[in-house]
Amino acid sequence: MMKKTLSLIGIYFLVLIFGTILFATIFMLGSDLTTVVSGQNITFFSVPFFITGVQMAFPLVSIFAGLLLILYLIRHPGNQILSLITYAALGILTWGLFIPIDLSALETSEVSIKDYRKKVTSPGVFRKEESGVFFYTKVDDNGYADGVFIDINGFSSQEGNIVAFENLKTNNDNAFPYSDILIKESIEPPEFVTYPLAVYNALLTAALNSFSKGIAEWLCFATMAFALLAVYSIQFLSSWKLTSALSVITGGAVIIFINYFYYIDFFPKALKDFSSYISGFIPATNPIIAFINIVLGILLILYGIVMGIYRTNEKNMQEDSL
């Protein structure tokens with residue numbers, strides 16, 4: 001039993017450590033690309049970006065680690081009581097201690113990617129803007145350039161017109177959040193990548209806002225963790241391990257999206273107004289989503305108890321029939 005417990009703890013912390021390093025590295029490389037200008041040197045490792053990546057990635061990796069631990073238990077079942085206690089203890093430790101520490105560090109962090117974004121472009125490259133194509137032959141340190149402008153949209157009253165210019169102030173606003181429009185056009189990720197990141201960013205912002213307002217607000221937000229931890233119960237849905245695994249992943253995603261839709265004001269206005277009304281009587285501004293998370297968590301726990309007993313009896317009956 002002790003060996004099983006230690007293996008669960010070891011797997012969980014390995015996922016936390018290596019998962020955080022992996023996502024932090026991806027974040028750092030993505031942030032580095034926002035500072036890249038064609039023709040200039042590239043820096044691949046940035047300590048400030050990596051540290052910020054660790055802080056931003058840890059809550060996400062914590063969610064993944066919890067779900068992966070459930071999937072591991074589906075694949076390698078053991079003593080259910082001991083596994084449940086270990087899983088619950090790790091979840092409480094993570095959401096009660098590790099994530100608050102991480103949010104506190106992120107809250108006081110002074111690193112901003114946009115502060116590292118370069119505003120001076122480079123010469124010798126064709127760059128397409130809304131008005132046409134610019135070719136800079138010389139760019140000084142203050143961002144003023146000489147070159148030619150190729151009108152492809154009739155901006156200068158005649159399409160195809162080539163206009164020479166001197167001492168023109170360069171403008172890379174169209175490249176935001178990147179420093180160079182060429183980099184943006186080359187590596188800007190597709191929507192199937194940006195949308196999940198937007199979901200996570202909205203929840204991380206909500207977590208930071210709740211954490212900054214005190215313990216009551218944080219506990220209100222952290223009810224999402226209670227519902228996510230209760231997804232443990234879905235592993236008893238079916239005797240088919242693949243079905244149970246897919247159900248666990250789906251259950252976790254449903255809870256995440258319910259909270260996401262609430263925090264982006266996608267819920268019905270009447271429900272949000274009712275939540276605001278209730279918040280006048282308690283020290284929390286989002287009581288409705290807390291109530292939804294708690295109810296979901298309790299229902300999942302009750303379901304897990306019933307199905308756990310049923311699966312155990314089913315297994316015993318099969319063993320007795322042999």
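# Notebook: a predicted chain of 322 residues

I started with the surface: the protein chain exposes about 18300 Å², and carbon and sulfur atoms supply 68% of that area. I note here that the model is predicted.

**Overall form.** I looked up the extent of the chain next. The C-alpha trace spans about 90 × 50 × 35 Å along its principal axes. The radius of gyration of the protein chain is 26 Å, whereas a compact globule of 322 residues would have one near 20 Å. I then checked burial, and 40% of the 322 residues count as buried. For contacts with a separation of 6 or more, I found that residues 24 or more positions apart account for 65%. I listed the secondary structure as well: the protein chain has eleven helices and four strands.

**Helices α2 and α3.** I took helix α2, residues 47-75, together with helix α3, residues 80-108. Their axes come within 9 Å and cross at roughly 170°. An angle over 145 degrees counts as roughly antiparallel, and therefore α2 and α3 are roughly antiparallel to each other. I wrote down who makes the contact. On the α2 side the residues include V54, M56, F58, P59, S62, I63, L69 and L73. On the α3 side they include Y87, L90, T94, W95, F98, I99, D102 and L106. By class, the contact of α2 with α3 has 15 nonpolar, five polar and one charged residues.

**S62.** I picked one residue out of that contact. S62 lies in helix α2. Is S62 buried or exposed? Its relative accessible area is 4%, and under 20% counts as buried, so S62 is buried. I left aside the neighbours of S62 within four places in sequence and found S62 in contact with Y12, L16, T94 and I99. T94 and I99 are among the α3 residues that meet α2.

**Helix α8.** I moved on to helix α8, which covers residues 223-230. How many of its eight residues are buried? Six are, so α8 is largely enclosed by the rest of the structure. I noted the buried ones as T223, M224, A225, A227, L228 and A230.

Most residues other than glycine have a negative phi. N167 is not a glycine, yet it has a positive phi of about 55°. I placed N167 in strand β4, residues 162-169. The relative accessible area of N167 is 53%, and N167 is exposed. D265 is not a glycine either, and D265 has a positive phi of about 65°. I found D265 in the loop between α9 (241-263) and α10 (269-278). D265 is exposed too, with a relative accessible area of 54%.

**K213.** My last entry is on a loop residue. Where is K213 found? K213 is in the loop between α6 (191-212) and α7 (215-221). Its relative accessibility is 57%, and over 50% counts as exposed, so K213 counts as exposed. I also looked up a distance from K213 to L6, a residue 207 positions away along the chain. The C-alpha atoms of K213 and L6 are separated by 37 Å.

How values were computed
Residues are numbered from 1 along each chain as its sequence is written. This is a predicted model: local features need pLDDT of at least 70, side-chain atom pairs count only at pLDDT 80 or more; totals for chains, interfaces and linings use all residues. Side-chain values use heavy atoms; hydrogens and water are left out. Axes are lines fitted to C-alpha atoms, for helices over the stretch in contact, and angles run from 0 to 180 degrees between N-to-C directions. Helices (H or I, at least four residues) and strands (E, at least two) are DSSP runs, numbered from the N terminus. Angles under 35 degrees count as roughly parallel, over 145 as roughly antiparallel, 65 to 115 as roughly perpendicular and the rest as oblique. Contact means heavy atoms within 4.5 Å. Ala, Val, Leu, Ile, Met, Phe, Trp, Tyr, Cys and Pro count as nonpolar, Asp, Glu, Lys and Arg as charged, and the others, Gly among them, as polar. The radius of gyration is taken over C-alpha atoms; the globule rule is 2.2 Å times the number of residues to the power 0.38. Buried means under 20% relative accessible area, exposed over 50%, partly exposed in between (1.4 Å probe, protein chains only). Accessible areas come from the Shrake-Rupley method with a 1.4 Å probe; for residues, only the protein chains shown count as cover.
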